[in-house]
Amino acid sequence: MKKIFISLVLATLLLSSCKKYFDINSNPETPQNPDVTTLLTPVFSQMARSLCLDSRYMGAYVQYWHNFNSGGDAYDIHGGNPINPSGATADIWQRVYLQIGVPANLIINKGIKDQNWDYVGVAFALKAWAVQEATDYCGEMPFTEAWKDKINFPYDDQATVYRGIDSMLRMAEFYLSRTDGTVSNSSLKRADIVYGGNRSKWLKFVYGLMARRFQRLTNKAEYSADSVIKYVDLSFSSAADNFIFQNTATRNDDSNPFGLARNNFTNYRQGRYITELLDGTIFYGNPSPANRDPRLSRMLTKSFDTTTISSSTMPVANGGYRYLIPATSDPNSGNTTSTSAAFRQRVSTLYGDSIVVITNFVNNFSARVGKYIFQNNAPSILMAYHELQFIKAEAAMRKATPDRGTAYVAYLNGINAHFDFVNSLSNTASPSISAISGQERSAYLASLAVEQSQANLSISDIIMQKYIGDFGWNTMEAWCDMRRFHYLDLDPTDNNTLVYKNFRISIVSVNNLGFKFAYRFRPTGVSENDWNLTELRRIGALNQDYHTYEMWFSQP
Amino acid sequence: MAMRKIATLLKGVALLLFFFASPTFGQSQTVSGTIIADDDGSPLLGVTVTNKSTNKKTTTNTAGFYSIAAEKGQVLAFSYVGYSTKEMTVGDAKSYSIKLVLSDKDVNEVVVTAYGIKKNKRDLPYQAIVVSGDDVANTKRENFINSLAGRIPGATITSTTGLPGSSTSIVLRGPTSIDGNNQPLFVVDGLMIDNGAFEMQDRLPAQSSASQNLANRTADFANRATDINPDDIESITVLKGPEATTMYGSDGANGAILITTKKGKKGRSSISYSSTMRFEKVYRFPQIQNVYNQGSGGYTNENLRTFFGAKYPSTNTFFNNIDNFFRTGKSQQHNIAIEGGNDVSTYRFTGTYNDQEGIIPNSSFKRYIFGVTNTYKLSTKLNITSRITYTNSNTTSASKGSGGFLLSLLTWPSDDDIRIYTNPDGSRRSARQDGSLVEDDNPLFDVNKNKNYNQNDRLNGNVQLSFDANKWLNLTAIMGVDYYGTLGTLYYHPESNIGRTSGGLIQQYRENQKLVNGAYRATIRKKTGNLNNTIIASFTFDTRKYQVNAVKGERVFDPNLISINNVDPITYSSLTTPENNNRTGTFINYTGNYKNWLTLSLAGRMDGSSRLVNPYDYESASPFYFYWSGGSTFIFSDVLKVPAWLSYGKLRINYATTGRDPRSAYVKANNFQPAQTTGGGFVPFVTQGSPLLKPEFSQQFETGFELKFLKGKIGLDVAYYDNRTKDQLMSTRISYAAGAILKWINGGVVSNRGIEILLNTTPIKNKNFTWDATLNFAKNVNKVIDMPNGYTFFYNSDTWVSNIRGTVVKGGSTYALAGASFARNTRGDLLISPTSGLPVVTTDYSVVAGDRMEDFRMGFQSSFTYKNLNLSFNLDIRKGGDIWNGTEYFMYTRGQSIRTLDRETPRIVKGVLNDGLQNTSNPTPNTIVVTPLYRSDFYSTAPDVDFIEKDINWIRLRDIRLAYKLPATFIKRQNVIKSASIFITGTDLFLLTNYRGADPAVNANNASTRAGVGGVGMDFGNVATPRGLLIGAAIQF
């Protein structure tokens, strides 16, 4: 008995020195060192989400939409996000570091070790996309020191970040061009829900990102229109190359964040400028039925009551496409009695005609309801052919000697491709949203809304079509354009008109700061106010008017 | 009394005569034997054996063995603290085995310390509080921790709600950790057991439309120490002191609650049975106004659940919805204990059954516990004790907090009959005129249609072997298993406000925990000269495997069938959360006792914890960490000349360090989560791995004294302590630039200093009447001395309730609160909005607005016994400390509080306009007249911190008990019944407090929030502890 007892004690003592006993501190239910194939797929959804969620606020600056029940919404009047910690407006900021940056770094490190060059290239491209988005959103940001095991992070200026994007894109180009190692279509296909493992399409995406990056610098001496045109030409050759992936839409997390079920846009209703561009007011001066863009009924939404004229939400009959004027709430927003006239006059949500209150649609994934990109199962789109064509058109106009021929072709390509884009999102299951017919399209192309002569083509013509083409899905690009043109710049090719014709900013003095436009978002105080306060102070992010500091990219 | 004295005197005289009369009697010889305890048959160590004739003394060894020179006819006295002294005259035999009987008066003098080591209280260099099991069991509370309130100086005991099966948290001597677990370790018969409460956060798959709040705020789950049968508890020792924590390592850093279970008593088998019935009524309920109707700005709108409308019409019918909602809680309890044994073995079998129906409809708690304890003496050297307990508990609890039944009940329109909660077609009936279901559920709908129930099976057992290798060496091994499995379900009806968006939601989880632990100990006792040396070397290990498998489904087909099969298959999602760790402890303790009046104790411990291992690189971080303690006691009354009224005096001093590992496993390396997004895959977890994380360290100093006056009639025990915990382990927000939201870091220092006093008296004791009283007092000062890396404030996200949260700042207390508050200018004037005339509200969580730490706490227990009648009570007293009255905040901001009845009085809020001049030397005074009736936002935008009620005191009658024992004369007349009693007990009968809400002792989270102090002192949507009245009878055959 004694011997058994002593040996039991000794055995346990030995156990204590045993590595095996203690080395159990890894979670058996999740990988500790995941395979590159498992890390890549979720990044796509996070990219779509980051852009979508923060476009709610950018969308108010560019007047795509406004908050319908809050007349004092800060973003309508070019106010900024608060200095105090708040999770709002921080989706891009969070995702560039966490949900996109961390997996991209892991893929890059592990992929280089395992010679998964294709994965490495894709990861560089996605990281470059995210950093581009983040710096265009916030300006200065931790970049060169980011993702290190540190507590405090220095902020890099935007010029440095832009150089970083450039090198990441060149790394992406380098790795995507390699065919050795474990590179294969079937390997990349396992995780690639965008291009199905097609590396040449990934390269086109990389060139598209280069085109975007170079086009941001139109106000700078270093701007090169030829580079932009070169990269656009290397990039998407048709809508088939679009960076797009289908959302499964079986539940909240795998649905399109623009969709009804996610409920992110319930409080946002279409703005005046996008409505007036499509209903004919801007191009023709009035929204009579003949002047309406066929895309109006496919992209925007109308209320129950399509006739009653109201002073603010529909001053002129345009078929019921009521809209919000910045900083003016819907006067009927509080009305929830579905039978009342006021309720019927509410501005509809972006989700579809006459949808003014979201009730049954939240968590309803089965029905194909919704309009344009605002559907649960609409695909997420992060770069499209038509956007690149508009970039090319503008670049051609900006050559020392404007190349109007190239510009005009690209301009028409862009409009046509956007019609295709709208049609690809048409929803036959939901009533009355049919594809745009060829007849409607040719009528529009021949109308006043489209510049008929190559000689008269102006940058304004291009940018207004690009603004329509970017509606919703590409708000970041629209905001970058507006900032390049300082919102109210005159058209460089026609110095008598605004680039954004008839664009009116409702701006009131924000916190006694004077009348300044918004150029950036402040880094979220949630994580930064505690650890990087010194850097925030240095870059001015603790100043009330930090959000009005002009970006490096739009300065000369 | 007098008779006994005379008898003793006569005996003494006789002995003296005998001694002197036979000076040369007999021959020199040695007498030996074993001394065992009568109560559990265990050998007693250190019993003083005195030959009263020669005055020679010896003590027993670990086997209880003694050997002393004595001759026939000489008298040997056997004395041992805690036991009655026994005398024996030596006869012809050479061996005498003696049984010592526990002395009633000194029951507290032997203290069970870590790993079941019995120690003489004289030798303890720290304060150890002992609560008798009967005191706990007599209150007949299902969760025995609630019975401890008021009985332990320095213990803060907070019950989450007053509902059946609710959890209770306990903190000793103040929170030491900003973000760690602050609850003490629970130990049964020398081995730790798990006292976890199910933590739903991050363990249940979330609802797809994400409107359900899982952060331990809206549901409650029992803390698992409730699985202990209070009737099985012999005694509870509370170790708060530093040496105690050194002995238990990481888990004991917050102190330890050591439970010793009852063992079978030798002799004829006995059967004890007791049965009780308890009735409970809701007590102290917030008042609601019945003057103004639903609406806003003075206009009635019955689509709103805010009460800012016009006055109710005079013809209005009001319903007493509150009375119609609650019911009388009923519970019954049956206990049976069968025990017996002989010199070789004893047994004790116990069974208990509880059936409780709470004051909330459908809330219930049912529990069975069966236990068997055996002791067996295999040889004179080897003893085995074994215990096994099986517990089955079933809990159905109600919602709490935001969206819960209570807040809905308080804002249910008084002119609407709450009892009609469904429409004629069976669908949920709304209180709104438009019938919209976008509102908090009717509380009766909630408690009838939404469900939170779970069933727990637990098996806890251990075997203890004690082997006396020789006279000076004892080897002990304890091995135990603590296993439980919980099957739980949360169900939100498809029409409920939470389930509505998802078409109904079912979450089902299986929680399994297996804790295998063991302690091996060698005890060496050797005397060198006047020095008694004791060396205890021990090795312990614990292996914990924990896993939750949870599955969620939505879009319920048949709302009446609560089954995970009853959902749209496309909505399934599941989550598995493991938490495994292995730990060891190697411990060595030397105690030197000089002439029984001076002791010196030194201990060192090396812990190993798998939680410190970096799985990527094992060699980079050691699982081991070391700490130590040292202490000394000095019984000055034995050495120095002290006045006669001072019968005992002891000084003690102790210093110790304690290390603590992180509260979670897997924090050293990065983790990944399955992605719910299109295409699946893995996403990095929000918490980044911290490969450099090291253990948190406490330095603890304690000193104190114990005095006894008037032959022990008055006892005083005072302790002063000063604890500092540095390198705080925190899971905190970091800069996103690091690539994560949270990360574990080390840093920050928390200090707890305090004084604890325990005063026992027996003012009256005579044949018929005894009066005992115990008063305890504890004051703790908690301060965050430093925050890591200049971090300005830290909060535990679970405590973020409404716009207030537990916020830790440098220089503040761990119990601090911060939240939305009125903005002020630099001179401290309220800022008033120039457009509305109302105060400006801001949210700045770095500005502390309240501190939930009390100034001091007292407990007073007293017992009066007159013949066969006994009356005892327990008062729990608290002075100071702030409480956030969130329930009142909720009612106020919705116009249902009676504090909003002055709404027709026009007023000018005193303050200055926020017009740009507010911080100049000449701010504009506010002159804007506001009539709140027309400006609902006067109430509805009130900031949260304005509802922190300052300096809350209470006197709470925790329990009062009157018992009558059948007189001995009756018992003697028959042979069947050995004893019988009847009793009546009141629990929580009254609460005297300056708190305006219902119950200041509730928790806005639940006991599962093991990070920091949780939602203690935050009263939000929790029903108060009900009053209970209990009658019962106990009988022993």
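Biologist: Leaving aside neighbours within four places in sequence, which residues are in contact with A:Glu387?

Modeller: This is a predicted model, in which local features need pLDDT of at least 70 and side-chain atom pairs count only at pLDDT 80 or more, while totals for chains, interfaces and linings use all residues. Residues are numbered from 1 along each chain as its sequence is written, chains are lettered from A and ligands numbered from 1 in the order in which they are written, and side-chain values use heavy atoms, without hydrogens and water. Contact means heavy atoms within 4.5 Å. By that rule, the residues touching A:Glu387 are A:Arg212, A:Lys466, A:Asp470, A:Trp473, A:Asn474 and A:Glu477.

Biologist: Is A:Glu387 buried or exposed?

Modeller: A:Glu387 lies in helix H15 (residues 385-397) of chain A; helices (H or I, at least four residues) and strands (E, at least two) are DSSP runs, numbered from the N terminus. Buried means under 20% relative accessible area, exposed over 50%, and partly exposed in between (1.4 Å probe, protein chains only). Because the relative accessibility of A:Glu387 is 0%, the residue counts as buried.

Biologist: What is the strand order of the open sheet of 3 strands in chain B?

Modeller: Two strands pair if DSSP finds at least two bridges between them. The pairing in this sheet is mixed, and the order is E52-E48-E56.

Biologist: Which residue in E52(B) stands opposite B:Trp884?

Modeller: Strand E48 (residues 883-885) of chain B pairs with E52(B) in the antiparallel sense, over 2 bridges. The residue of E52(B) opposite B:Trp884 is B:Ile948.

Biologist: How much area do chain B and chain A bury between them?

Modeller: The contact takes 74 residues from chain B and 68 residues from chain A. Buried area is the accessible area (1.4 Å probe) that two parts lose on being put together, summed over both. Of the total, 63% is on carbon and sulfur atoms, and the area buried is about 6100 Å².

Biologist: Which side chains meet in a salt bridge between chain B and chain A?

Modeller: A salt bridge is a side-chain nitrogen of Lys or Arg within 4 Å of a carboxyl oxygen of Asp or Glu. The count between these two chains is 1. At 2.4 Å, N to O, the partners are B:Lys743 and A:Asp149.
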